[in-house]
Structures are given as structure tokens and as C-alpha cells.
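This report looks at salt bridges and at one helix pair. Follow the charged side chains first, then the helix packing.

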Amino acid sequence: MARTKKRLWGFDDGEREILVAATAQIPELRAVVARGTRRAELGDLWVVEASVAELDEIYSLVEALIDGTRSRRRREQLDGMRATLCTSMDGF
């Protein structure tokens, strides 16, 4: 799989809030999140076009966040993000 190929990935407001906080000290990932735009036709999801490599970096960040949380609600939210990242990276 070409790692420079662009993929679309969508996330909601709550997920965006988590990503913004988690990438505060990671400028390259913060830039990916910042590229996201709201898409009314997709229920106001934030959608970003990113390379598979960028999405893989965010996936690793989400896994680290999962490992560091005890909150069931937050874990479920992060698990959902991880699942959508997989789908986006696989191109489905």
C-alpha cells in the first residue's frame, strides 16, 4: 500500500476535542487535525484528507490514549476513533 496516498477520515466534535488536547505538543499531528473541515452533508462531522502515514500516527496516538485512560466512556469513544481510523487507512 502506498503510504503517501490520501484518505478521508471523519470525527465528531467530542473526538476533535480529544485530538486537539492530545496533539497540543505534537505540531505535525495538530496540523492534520486543524486541516479538518465540517461537512454538513455528513452530519457536521469534521473530515480531513490525510496520508495513510499521518492517519497511522494518529492511530498510534489514540492507542496510547486508550492505554492511559480508566474511563469506560472515554475508552469507548477512543475505540470508536480507532475503528474509523482503520477503515480510513484500509480505504473502505
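Asp79 and Arg82 are about one helical turn apart, because 3 residues separate them in helix α4. The model is predicted. In this model the side chains of Asp79 and Arg82 meet in a salt bridge, with an N to O distance of 2.8 Å. Asp79 is partly exposed, at a relative accessible area of 29%. Arg82 is partly exposed too, at 24%.

Arg82 has another partner. Glu63 forms a salt bridge with Arg82, and their closest N and O atoms are 3.8 Å apart. That distance still counts, because the cut-off for a salt bridge is within 4 Å. This pair links distant parts of the chain. Glu63 sits in helix α3 and Arg82 in helix α4, 19 residues apart. Glu63 has a relative accessibility of 30%, so this residue counts as partly exposed.

Which residues do the shared partners join into one network? Glu63, Asp79 and Arg82 are joined, through salt bridges that share partners.

The side chains of Arg35 and Glu54 meet at 2.9 Å, N to O. Arg35 lies in the loop between α2 (27-34) and β2 (37-39). Glu54 lies in helix α3, residues 52-67. Arg35 is partly exposed, with 36% relative accessibility. Glu54 is partly exposed as well, with a relative accessible area of 22%.

A search of the whole structure finds 5 salt bridges. Among them are these pairs:

| Salt bridge | N to O distance |
|---|---|
| Asp79 and Arg82 | 2.8 Å |
| Arg35 and Glu54 | 2.9 Å |
| Glu63 and Arg82 | 3.8 Å |

Now the helix packing. Two packed helices are described by the angle between their axes and the distance between the axes. How do the axes of helix α1 and helix α4 cross? They come within 11 Å and cross at roughly 95 degrees. Helix α1 is therefore roughly perpendicular to α4. Helix α1 covers residues 13-22, and helix α4 covers residues 72-90.

Which residues make the contact? From α1 come Gly14, Glu15, Ile18 and Leu19. From α4 come Arg74, Gln77, Leu78 and Met81. By class, the contact has 4 nonpolar, 2 polar and 2 charged residues.

Helix α4 holds Asp79 and Arg82, and its residues Arg74, Gln77, Leu78 and Met81 contact α1.

Definitions and conventions
Residues numbered from 1 in each chain as written. Predicted model: local features only at pLDDT ≥ 70, side-chain atom pairs only at ≥ 80, totals over all residues. Heavy atoms only, no water. Axes fitted to C-alpha atoms, helices over the stretch in contact; angles between N-to-C directions. Helix = DSSP H or I, 4+ residues; strand = E, 2+ residues; numbered from the N terminus. Parallel < 35°, antiparallel > 145°, perpendicular 65-115°, else oblique. Contact = heavy atoms within 4.5 Å. Nonpolar A, V, L, I, M, F, W, Y, C, P; charged D, E, K, R; others polar. Buried < 20%, exposed > 50% of the residue type's maximum accessible area, 1.4 Å probe, protein only.
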